[in-house]
Structures are given as structure tokens and as C-alpha cells.
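Good morning, and thank you for coming. Please look at the sequence and the structure on the screen, and I shall begin with the aromatic rings.

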Amino acid sequence: MTDTAVYAAGAVCWRLIDGKMHVLLIHRTVHGDVTIPKGKVDPGESLPRTAVREIEEETGLAVALGVPLPISRYVMPNNREKIVHYWAAEVTPEAIQRSTFVPNGEVAAIEWVTIKKARTYLTYEQDVVIIDAFAKLVDAGVTSTFALIALRHGKALPPARWDGPDSTRPLTERGVAQAASVVETITAWQPRRIVSSTATRCVTTVAPLSAATGIPIKRTDKISQAAQEAGTADVRSVIGKRVRSRKTAVLCSHGPVLPEILREMALATGTTLGSYISSAADLETGGFSVVHLSADNPSSGIIAIETHAPRV
């Protein structure tokens, strides 16, 4: 992030009404405009977390992020550049029922409209570009999605400084901080499962996420480095199960195993292998890649991959 630019995040919130696609627009009180829900990043906040927080603050809706949409860049009246990251976000009937929206000093009204109407209602051309990008997903039939999140464990104590078995090496102080820092970002996709290598450094990495979400950690040797080195790993069965379940899941493993994890995600979904797969697996400790798949037809291939570097 540059020092002068203003960063923000938001989402195209969508739902089907009588079988027809509708998106959510907000009518802002002070600005007197119609736009897509978004807001500025708070200090120390990740962009995905900003998107989820701002949507809830502006619309009263709690959402899980879906696939990333294009980034909007424009110059504000004060000549500073504003950079807005967007995602798609399905709004469930439960979220509608739990909505806490009331007109306020920032948002006068929220309105569900068709994509066609959104193009004419929106005040700003850059918002129309984002809606058009979402419309392409609708046309391709890949709006309902789930994510498989490949997470590399946090920074661990080097082997030379550890006398016990390699699988018991603990996280360093930085690794512990990395484990805590991924929670607010990963929860923006509302994972339903947490799968971890049995190694201490992996289990410890997802422990804060498990504590925050209440999701138990499923430990397995099948994605451990020790099993890979021994020739007993079974990444394919783990990934196959996660693809079949069609639920967003986090898989925490090791640097040497991640290329196979990403490769199996591609093979399980009929996706052509390419350099982008190896790039998504080339993670720093505490980094993760979010692989977006169609919930209706996972075999249609990977829709998008976004990679997030460690924040500490």
C-alpha cells in the first residue's frame, strides 16, 4: 500500500428474488448518491475484513465474501488516489432476517435492484464497471461459490534449534503473532471446516482461528510434511473430500506440501495446470491462498485465486 493513496473495500451483495438476480445498492445521505457498499480501511485492518465490516455497518447485513472482483482506482476531489477492492457476496435469507439496518446519517436507504437497473441507478461510472464484472460471473453461472483456503503454518523454530522430533517444532514469537493475525482476514469467508497437518506448527497456527470460530481442528497426517517425506501422504483424498463437501475450508500445511495441495485442487476441478497454480502455492510462513470454486458445479474449474501475504 502506498502512503498517499486511500484504501477501501466493499462488495457486490447479491441474492435471487423470484429467481432473478438482484444486487444491493445504497443511497447515501450526505453525498446524495447511489453506490455499492464500501468503506475505508481502519488502521491495521485487512481489506477482506474491511469489506465485511463496512457492509454490516452500512446495510446491517452479515455476509461471507465470495470471489474477488476488479479493483477500482480513481482520484478524489482532494487529488488523492482511492483504491477500492471488491468481492462478490451472497446474502442469505438468514442474513436478511437478521438485518439491523435503519436509515441513518450515512445511509438513507438500501435497495435491491436488477443488474440492468443498477447500471442506470449508480451515480459513478467506476461502480458500473464493478457491476459489469459481476454480471460476467452471473452469465457464466458461477455466482454461488465456496473457497478452499491453503494456509502455510506460521514461522517455526528452525530444526537446528530444536532437539525433539521435527513434527513437534513450535512456532516462534513471530509465528504465534502470524497465527493470531490470520483470523480476522480468513473469517471474512466464513470457513466451515479447519483441516491441519498433525505437526505442532500447523495445529498451533490454526488454533486461534478454531477458538474464534468454534470450528474444531481436523488433524490429519495425510497433508503433513513427515508423511510426504515418508511417501505415505494422501493429499488427493483430503482435497477430494473438501471439493465434494462444497463448504469453505481452511487447510493448514507445510511449504513443501502446498504445491501438491494446489495441484490437487486444480486436478479435482478439471482446471488446466499453469504457473498460477505454483505461484499460489509459493507462500511465506503465515500466508495463504484462497481458491474459489463453483458450489453448483465444482468441476467447472477454479474461478479465481487470491493470495494474501502474512501481515506480521
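By the pairing rule, there are 2 aromatic pairs here. The rule takes the rings of Phe, Tyr and Trp (for Trp, its six-membered ring) and pairs them if their centres lie within 6.5 Å; planes under 30 degrees apart count as stacked, over 60 as edge-to-face, and the rest as tilted.

One of these pairs is formed by W14 and F134, and it is tilted, with 6.4 Å from centre to centre and 40° between the planes. This pair links distant parts of the chain: W14 belongs to strand β1 (residues 6-17) and F134 to helix α4 (residues 125-140), 120 residues apart. Are these two residues buried or exposed? Buried means under 20% relative accessible area, exposed over 50%, and partly exposed in between, with a 1.4 Å probe and protein chains only. W14 counts as buried because its relative accessibility is 3%, and F134 counts as buried because its value is 0%.

W189 and F288 also form an aromatic pair, an edge-to-face one, with 6.5 Å between centres and 80° between planes. This pair, too, links distant parts of the chain: W189 sits in the loop between α5 (173-186) and β9 (193-197), F288 lies in strand β12 (residues 288-294), and 99 residues separate them. W189 is buried, since its relative accessible area is 2%; F288 is buried as well, at 3%.

Before I turn to the whole chain, a word on the basis of these values. This is a predicted model, in which local features need pLDDT of at least 70 and side-chain atom pairs count only at pLDDT 80 or more, while totals for chains, interfaces and linings use all residues. Residues are numbered from 1 along each chain as its sequence is written, and side-chain values use heavy atoms, with hydrogens and water left out.

How many helices and strands does the chain have? There are 10 helices and 13 strands, where helices (H or I, at least four residues) and strands (E, at least two) are DSSP runs numbered from the N terminus.

The C-alpha trace spans about 65 × 40 × 35 Å along its principal axes. Of the 312 residues in the chain, 51% are buried. Contact means heavy atoms within 4.5 Å. Among contacts with a separation of 6 or more, 69% join residues 24 or more positions apart.

Thank you for your attention.
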